[in-house]
Amino acid sequence: MTIDLEARRRQERRRNFYAFGVVTLFSALVGWNYLDNLFGFYAGQPPHTLNAWQLPLHALFYDLCLRLHGFAQPQPPPLLPDEETERRWRQRLQKWAGGAFRHLPDIVIVAIDDQTVRSLKQSGIPYPPMPRAVYGELVRRLHQAGAKVVAFDLHMNLPSHLGESDDQAFQKAMAETQKVILACRLFPERHSGGFIVTYEGPHQPLAEKAAGLGLIEMTVDPWDRAIRAATVAVPYRDEWLPSLGTMAAALWLGKGEEQLQKELRQGRFNGVPLPLVFYRIGAEENFEGLLFGALLLNFAGPEKAFRHIPLEAVLFPERNGLTESELHRLFEGKLVFVGDTSELSKDIFLTPVSVGFPGVEVHATLAQMLLSGKFLRLAPRLWTQLMLLLFVALATALIFWLRPLRAFPLLLLLALVVFALALKILDAQLLVLPIAPFLVSLAVTFVLSTAYLQFAVERHARHIRQRFSRFVAPSVLETMVVASEEELTRPRRMEATVLFTDLKGFTTISEERPPEEVAALLNEHFEIMTEIIDRHAGTVSKFIGDAIMALFGVPIPQPDHAARAVRCAVEMQRAMDEFRRQLAQRQLPELFMRIGIHTGELVFGAIGSKRQSDLTVIGDTVNVASRLEGMNKEFGSRILISETTYNEAVAAGAEVLVEPVGEVSIRGRAKPLRVFKVLGVDGVMLEAPLSVAADSPKR
């Protein structure tokens, strides 16, 4: 029985192709499921169990991309730059990120910072809380400086602790300017075993004088309490309750509440569709929570990307060296947010770009996005799924082609390509490509591919190499890897060529020399001959004392096994001539080698007991080759081959130069065998036989 190697290779390719498909599809399904959970979360669906690790992992890479993207933004100039510096800054903003931050200079934050708190204390003004009359004075000064809208990120739901007159001072300022927006809140509360949604607006007399109200509730991610999106509006009692940033941007554009409501119902702002994501806030058992429509925040950088002006600089400009004209330069036509950034307020949040991001700047960022009409969007789902499938297929192909260890650096490079691609489309198209599903799918691909190759392919290949490496040439060994061990070791009848070698008089030499010298000499001889056998794709079956038994055509069939054996024998004798000269130079005894070769049928396989067996060959062909090796003494030859070997070698294309010896009788065979001395092959001639014929008994 012979092994059809081509069929075996085709079978292995089919098996690997099916495995490639299974690994690719399963890994892609893992990534697609991850994407579905992410899109579901941003659609306001309750988080699943797997979100416990999926969402934070997504946030990790999302934050890294957003941080690298945002930190490239041109930093704002000093508080009062010259006109040329201001102009260059605005020009850079127009070009950067497609103009997504072009309204950054139109928004100013008046901050109740630590400097303001100290200044108020020095002036005898109590804080906190701030007297409402101070806010009234601030509004008047901003109005005089030309501010277009003033939005307070301060929840004034209770009457002033200083009395009604304090509230009236603030009301009067708001009534005079008609440009002040106040904060309100919306949150769920437990009530009688259930939940009610509570609206908490500003103190009613203040609300009546305000130009608009805006929510200041934050959409905080539940797993790490970070802010990655800002509330645009919340559906409440058949209307959309806008956030502070939304209301401020609408008022700055001159839109009334009715027009704003109409646009929010259509999912638009200023004629531009809003790519809203939805957060469920306050979800508990038996309560699905409030659905907050939000926009992913396109941060212009870390905190203070907007111009921050201390409130005390507006109240006491003379202390800060500011003139009325300079205040006018700072605030004319601006959208002003007033918020508390001091350490006392604790209105500081974790964001992708900063661990201490003021809440008022979140509202300012949203307003800037609405005014520019440039929003971050999740990459289209189908487009993302196809891209993920492509990366997974490429990763699987690399692992199957190069094997896991060699492919691993390329997989890391592939992960970096995903990251670079996400940054590129974020900068160019403002599209958010979720990186985590890609990386998880690549990791699953690596694990599954490695497991398959390890247990289904590499394990078999390693076992074959370990078992056969000492018998066969490397070129034959790699061919054997595609066959099963059963096919290689199960005893079977094959046609092959057997080559026997023996050294003349080595027994006498071993008796006269120290054992260490004899072993070293024999090992040196075997090393030379084994390399030659390997070059001709032969198999070293065994070493018998100073003899070598080599096989051609087993365990892997070779159509030209006879020609290989003859060429190998001639090269071995020529190498022996060179080795003998080296021994003479080292003043060591001369060694001569005899070779016998025969071609015919034999049985090859694992022969032995259940406890111990060995790969070997048995049959008349082995016996004849051994007898031919011994007959070299009778004919004074160096290589004897049978007629069968000669005919098959010639038929395979070998130009064998021989000298007929005649027919000889072989013990154990009824018919005599025609035998030839080999003088050369393919134009390569052997030296004269010298004293090979003379020999003393060895055994």
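Is Tyr199 buried, partly exposed or exposed, and what is its relative accessibility? Select Tyr199 to begin: at 32% relative accessibility this residue counts as partly exposed, where buried means under 20% relative accessible area, exposed over 50% and partly exposed in between, with a 1.4 Å probe and protein chains only.

The model is predicted, so that local features need pLDDT of at least 70 and side-chain atom pairs count only at pLDDT 80 or more, while totals for chains, interfaces and linings use all residues. Residues are numbered from 1 along each chain as its sequence is written, and side-chain values use heavy atoms, with hydrogens and water left out.

Next, select Tyr42 and Tyr279, an edge-to-face aromatic pair with 6.4 Å centre to centre and 65° between the planes; rings of Phe, Tyr and Trp (its six-membered ring) pair if their centres lie within 6.5 Å, and planes under 30 degrees apart count as stacked, over 60 as edge-to-face and the rest as tilted. Both Tyr42 and Tyr279 are buried.

Finally, select Lys148 with Trp252, where the lysine lies over the ring face at 4.7 Å from the ring centre, and then Arg319 with Phe316, where the charged end sits over the ring, 4.0 Å from its centre; a charge sits over a ring if NZ of Lys or CZ of Arg is within 6 Å of the ring centre and within 35 degrees of the ring normal.
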